[in-house]
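Grab a pencil and have the viewer open. Below are a few exercises, each followed by a solution that goes step by step.

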Amino acid sequence: MDHTEHLPVAMMDAPKIEQAITNLISNAVEHSDTGARVDIAVFCDDRKFTFSVRDSGPGIAPEKIDLLFKPFARAGGKKTGGEKSTGLGLLITRKIIHAHGGRIWAESRNGEGTTFFFTLPVDTKHL
């Protein structure tokens, strides 16, 4: 049985949203130890889709969360595999989400991992 017929529609540039999702998942994997769990979820209500990615990395101090979406800022810990970073991925992701009328944010505590969320509006013309 196909349950997608009951889902609302979101108008989007699919390759750009895929880029945003891929960036968040890649960051979660890169900031978690090998074999650690990364949780991904999507929720939907009448107004918005909410996507989340939670890593099991070292977390980020709450006072550094605002730095995450600034160019070249380093708010989080080192990547666990020593991967290189341009410092632009989250800035680009934020621009993509904002261009779609959405919102992006992160929640974290030192030692408890980080969860990134973004929302995209439901296209109410197609309900």
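**Exercise 1. How many bridges join β2 to β4, and do the two run parallel or antiparallel?**

Solution. Before you start, note that this is a predicted model, where local features need pLDDT of at least 70, side-chain atom pairs count only at pLDDT 80 or more, and totals for chains, interfaces and linings use all residues. Residues are numbered from 1 along each chain as its sequence is written, and side-chain values use heavy atoms, with hydrogens and water left out.

Step 1: list the elements. The protein chain has two helices and four strands, and from the N terminus on they run α-β-β-α-β-β. Helices (H or I, at least four residues) and strands (E, at least two) are DSSP runs, numbered from the N terminus.

Step 2: look at the pair. Seven bridges join β2 to β4, and these strands run antiparallel. Strands count as paired if DSSP finds at least two bridges between them.

**Exercise 2. Is T50 buried or exposed, and which residues does T50 touch?**

Solution. Step 1: find T50 in strand β2 (residues 48-54).

Step 1: check the cover. Buried means under 20% relative accessible area, exposed over 50%, and partly exposed in between (1.4 Å probe, protein chains only). T50 has a relative accessible area of 13%, so T50 is buried.

Step 2: list the contacts, meaning heavy atoms within 4.5 Å. Leaving aside neighbours within four places in sequence, T50 is in contact with A41, V42, F43, F117, F118 and T119.

**Exercise 3. Which backbone atoms does the side chain of S108 reach?**

Solution. Step 1: S108 sits in strand β3 (residues 103-108). With 13% relative accessibility, S108 counts as buried.

Step 1: find the polar contacts (pairs of N or O atoms within 3.5 Å; within protein, one must be able to donate a hydrogen and the other to accept it, and residues adjacent in sequence count only if both atoms are side-chain atoms). A polar atom of the S108 side chain lies 2.7 Å from the backbone nitrogen of I60. The side chain of S108 also reaches the backbone oxygen of G113, at 2.9 Å.

Step 2: Not counting residues up to four places away in sequence, S108 touches G59, I60, P62, I65, G113 and T114.

**Exercise 4. Where do α1 and α2 meet, and at what angle do their axes cross?**

Solution. Step 1: recall what to look for. Two packed helices are described by the angle between their axes and the distance between the axes.

Step 1: read off both values. The axes of α1 (residues 14-30) and α2 come within 9 Å and cross at roughly 145 degrees. Axes here are lines fitted to C-alpha atoms, for helices over the stretch in contact, and angles run from 0 to 180 degrees between N-to-C directions.

Step 2: name the residues. α1 brings K16, I17, Q19, A20, N23, L24 and N27 to the contact, and α2 brings G89, L90, I92, T93, I96 and I97.

Step 3: pick out L91, which also lies in helix α2. L91 is buried, at 12% relative accessibility. L91 touches F69 and P71, again not counting residues up to four places away in sequence.
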